Amino acid sequence: MKRSVAPVFWLMFGAGGMVAALFGPALVIITGLAVPTGLGLGTTTMDYAHAIVFARHPLGKLVLLVVISLFAWHGAERIYLTLKDMHLGPKPALAWLSYGSAGAVTFVTAAALLAVGL
Amino acid sequence: MRRPYLRPIDRHWWAKPPYLAYTLREATGIAIAAYALVLMAGVICLALGRSAYDAWFGFIASQWSLALHAIFLIAMVFHAWTWFAIMPKTMPRLVVGGRYVEPQLITAAGIAIASLASLVLLLIARWVLP
């Protein structure tokens, strides 16, 4: 019997959805609203000097890779299922487009985190 | 030749109630993926060097980015809400003390835990970050 790869995508979707539900609002407030406006957090929190220290730390790398890739896989699953239900194209093409994008995001982020160094 | 009857479906079914609620919930996936792309761009710029990263942070501090992140925040909160609203249907039935846990209780507990998790992360950020 041919095994389906769907459960793997479901696992990534579920993990990303849970991380987004638990920490998504706080992450968006921190990186996108509080730091750039200086409301509650300093505007230097995410300047080059601090960001490079965070991205060079193994735990910082892990947080960035987990958040970015899981959010991408979570979004890909929802986008794929919605496009499929809207009959916007053949299923394999839609699957390659959405899951392929999430795979590319994971790969590029991992490569960039390696390039940042330790 | 097999000719199954296919009930005609409105092409724009997804934009009309009751399906609109599902479409909005699924659309949060677009915002969450877009937020991942914004962060990924930041990591790439960080690897490229100081000037590239400063340019990315310049975008983050722009009015466009603030508006975009306001949308992301609404989407994240709506996602968290719906995530736990459907949780009683997506998880195995929970039995405590020989009785099924009420779906409303699972939803309420999930939303309470998520609110607490985000609040704790915000407080840690305020406390630890420079």
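The structure is a predicted model, and every value reported below was computed from its atoms.

The size of an interface is often given as the accessible area lost when the parts come together. For chain B and chain A this buried area is about 4,300 Å², and carbon and sulfur atoms contribute 79% of it. In terms of residues, the interface brings 48 residues of chain B into contact with 52 residues of chain A. Polar interactions are also found between the two chains, with ten residue pairs in polar contact across the interface, both members of each pair being at pLDDT 80 or more. On the side of chain B that touches chain A, at least two residues are supplied by each of the helices α1 (19-48), α2 (50-60), α3 (63-85) and α5 (103-128) of chain B. The largest share of that side, 16 residues, is provided by α1(B). When the residues on the side of chain B that touches chain A are sorted by class, 37 are nonpolar, six are polar and five are charged.

Over all chains, the structure holds three salt bridges, and one salt bridge is counted between chain B and chain A. Because A:Arg78 belongs to helix α3 of chain A and B:Glu26 to helix α1 of chain B, the pair joins two chains. Both A:Arg78 and B:Glu26 are buried. B:Glu26 also forms a salt bridge with B:Arg25, for which the closest N and O atoms are 3.2 Å apart, and B:Arg25, like B:Glu26, is buried. Through these pairings, A:Arg78, B:Arg25 and B:Glu26 are linked in a network of salt bridges. A salt bridge is also formed by B:Asp10 and B:Lys16, whose closest N and O atoms are 2.5 Å apart. B:Asp10 has a relative accessible area of 37% and is therefore classed as partly exposed, and B:Lys16 is likewise classed as partly exposed, with a relative accessible area of 40%.

Helix α3 of chain A, which contains A:Arg78, spans residues 58-85 and has 28 residues. The distance from the first C-alpha of this helix to the last is 40 Å, close to the 40 Å expected at 1.5 Å a residue. Following α3(A) is A:His87, a residue with a positive phi near 55 degrees. A:His87 adopts this positive phi although it is not a glycine, and its place is in the loop between α3 and α4 (91-116) of chain A. With a relative accessible area of 66%, A:His87 is exposed. The C-alpha atom of A:Ala110 is separated by 12 Å from that of A:Val67, the two residues being 43 residues apart along the chain.

Two further local features concern chain B. In the segment before α1 of chain B, where B:Pro18 lies, the peptide bond that joins B:Pro17 and B:Pro18 is cis, with omega at about 5 degrees. The other feature involves B:Thr107, a residue of helix α5 of chain B. The relative accessible area of B:Thr107 is 16%, and this residue is therefore classed as buried, the cut-off for that class being under 20%. The side chain of B:Thr107 reaches the backbone oxygen of B:Phe84 at 3.0 Å. When residues up to four places away in sequence are not counted, B:Thr107 touches B:Phe84, B:Ala85 and B:Pro88.

Notes: Residues are numbered from 1 along each chain as its sequence is written. Chains are lettered from A and ligands numbered from 1 in the order in which they are written. This is a predicted model: local features need pLDDT of at least 70, side-chain atom pairs count only at pLDDT 80 or more; totals for chains, interfaces and linings use all residues. Side-chain values use heavy atoms; hydrogens and water are left out. Contact means heavy atoms within 4.5 Å. Buried area is the accessible area (1.4 Å probe) that two parts lose on being put together, summed over both. A salt bridge is a side-chain nitrogen of Lys or Arg within 4 Å of a carboxyl oxygen of Asp or Glu. A polar contact is a pair of N or O atoms within 3.5 Å; within protein, one must be able to donate a hydrogen and the other to accept it, and residues adjacent in sequence count only if both atoms are side-chain atoms. Helices (H or I, at least four residues) and strands (E, at least two) are DSSP runs, numbered from the N terminus. Ala, Val, Leu, Ile, Met, Phe, Trp, Tyr, Cys and Pro count as nonpolar, Asp, Glu, Lys and Arg as charged, and the others, Gly among them, as polar. Buried means under 20% relative accessible area, exposed over 50%, partly exposed in between (1.4 Å probe, protein chains only). The expected span of a helix is 1.5 Å times one less than its number of residues.
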